[in-house]
Amino acid sequence: MKINKQDIIKIINNTLYDMLGYNITQALYFHICKITNKSMSELSNDLNSLMFGIQEIFKDASKFIFDEIKKRIEVTYNIKMEGEDFLKWLNDITS
């Protein structure tokens, strides 16, 4: 099953807003843009850069964010993560 990358990015955005709140999420995106040298519009289409930025900023704590994103994707699309590499799984399920 391939899922539209934009739909996954929407789930990521909603998860960040729910976990961190609007202002902190906006600040997070600002810093991810600086880290990745991408604009907001570029970042909204680049799943790998977005996940890289989250991982760079939160380091080991990014696991908690990734776990919540994974749960929401699994529930929304009735799928289970294959393997233990979350970022590889995301790339495998997106088109």
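At 0% relative accessibility, leucine 16 counts as buried, where buried means under 20% relative accessible area, exposed means over 50% and partly exposed lies in between (1.4 Å probe, protein chains only). The model is predicted, so local features need pLDDT of at least 70 and side-chain atom pairs count only at pLDDT 80 or more, while totals for chains, interfaces and linings use all residues. Residues are numbered from 1 along each chain as its sequence is written, and side-chain values use heavy atoms, with hydrogens and water left out.

Leucine 16 sits in helix 1, which covers residues 5-20. Helices (H or I, at least four residues) and strands (E, at least two) are DSSP runs, numbered from the N terminus. Apart from neighbours within four places in sequence, leucine 16 is in contact with Gly21, Thr25, Leu28, Tyr29, Ile54 and Ile65; contact means heavy atoms within 4.5 Å.

Tyrosine 29 counts as buried, at 5% relative accessibility. With neighbours up to four places away left aside, tyrosine 29 is in contact with Asn13, Leu16, Met40, Leu43 and Leu50. Between tyrosine 29 and leucine 50 there are 21 residues of sequence separation, and their C-alpha atoms are 8.4 Å apart in space.

The whole chain can now be described. The protein chain has six helices and zero strands, and its pattern along the sequence reads α-α-α-α-α-α. For 95 residues, a compact globule would have a radius of gyration near 12 Å, and the 13 Å of the protein chain agrees with this. That radius is taken over C-alpha atoms, and the globule rule is 2.2 Å times the number of residues to the power 0.38. Along its principal axes, the C-alpha trace spans about 30 × 25 × 20 Å. Of the 95 residues, 36% count as buried. Among contacts with a separation of 6 or more, 55% come from residues 24 or more positions apart. The accessible surface is about 5,800 Å², and carbon and sulfur atoms hold 52% of that area. Accessible areas come from the Shrake-Rupley method with a 1.4 Å probe; for residues, only the protein chains shown count as cover.

Aspartate 46 is found in the loop between helix 3 (40-43) and helix 4 (47-58). Leucine 16 and aspartate 46 are 30 residues apart in sequence and 16 Å apart in space, C-alpha to C-alpha. Aspartate 46 counts as buried because its relative accessibility is 16%. Its side chain makes a polar contact with the side chain of lysine 38 at 3.0 Å. A polar contact is a pair of N or O atoms within 3.5 Å; within protein, one must be able to donate a hydrogen and the other to accept it, and residues adjacent in sequence count only if both atoms are side-chain atoms. The aspartate 46 side chain also reaches the backbone nitrogen of asparagine 48, at 3.3 Å. Not counting residues up to four places away in sequence, aspartate 46 touches Ile9 and Lys38.

Charged pairs come next. A search of the whole structure finds eight salt bridges, each defined as a side-chain nitrogen of Lys or Arg within 4 Å of a carboxyl oxygen of Asp or Glu. In one of them, lysine 71 pairs with glutamate 68, with the closest N and O atoms 3.3 Å apart. These two residues are separated by about one helical turn because they lie three residues apart in helix 5 (residues 62-77). Glutamate 68 also forms a salt bridge with arginine 72, where the closest N and O atoms are 3.0 Å apart. Here the spacing in helix 5 is four residues, so the separation is again about one helical turn. Lysine 71 is partly exposed at 46% relative accessible area, and arginine 72 is partly exposed at 24%.

In helix 6 (residues 86-93), aspartate 92 and lysine 88 lie four residues apart, about one turn of the helix. Their side chains meet in a salt bridge of 2.8 Å, N to O. Aspartate 92 is partly exposed at 38% relative accessibility, and lysine 88 is partly exposed at 48%. Salt bridges that share partners join Asp18, Glu68, Lys71 and Arg72 into one network.

The surface also has a nonpolar feature. Ile35, Phe52 and Ile57 form a nonpolar patch, with about 230 Å² of accessible area together. Patches are made of residues with over 30% relative accessible area and no salt bridge; like charges are joined within 9 Å, and nonpolar side chains (Val, Leu, Ile, Met, Phe, Trp, Tyr) within 5 Å. Isoleucine 35 is in helix 2 (residues 22-36) and is partly exposed, with a relative accessible area of 38%.
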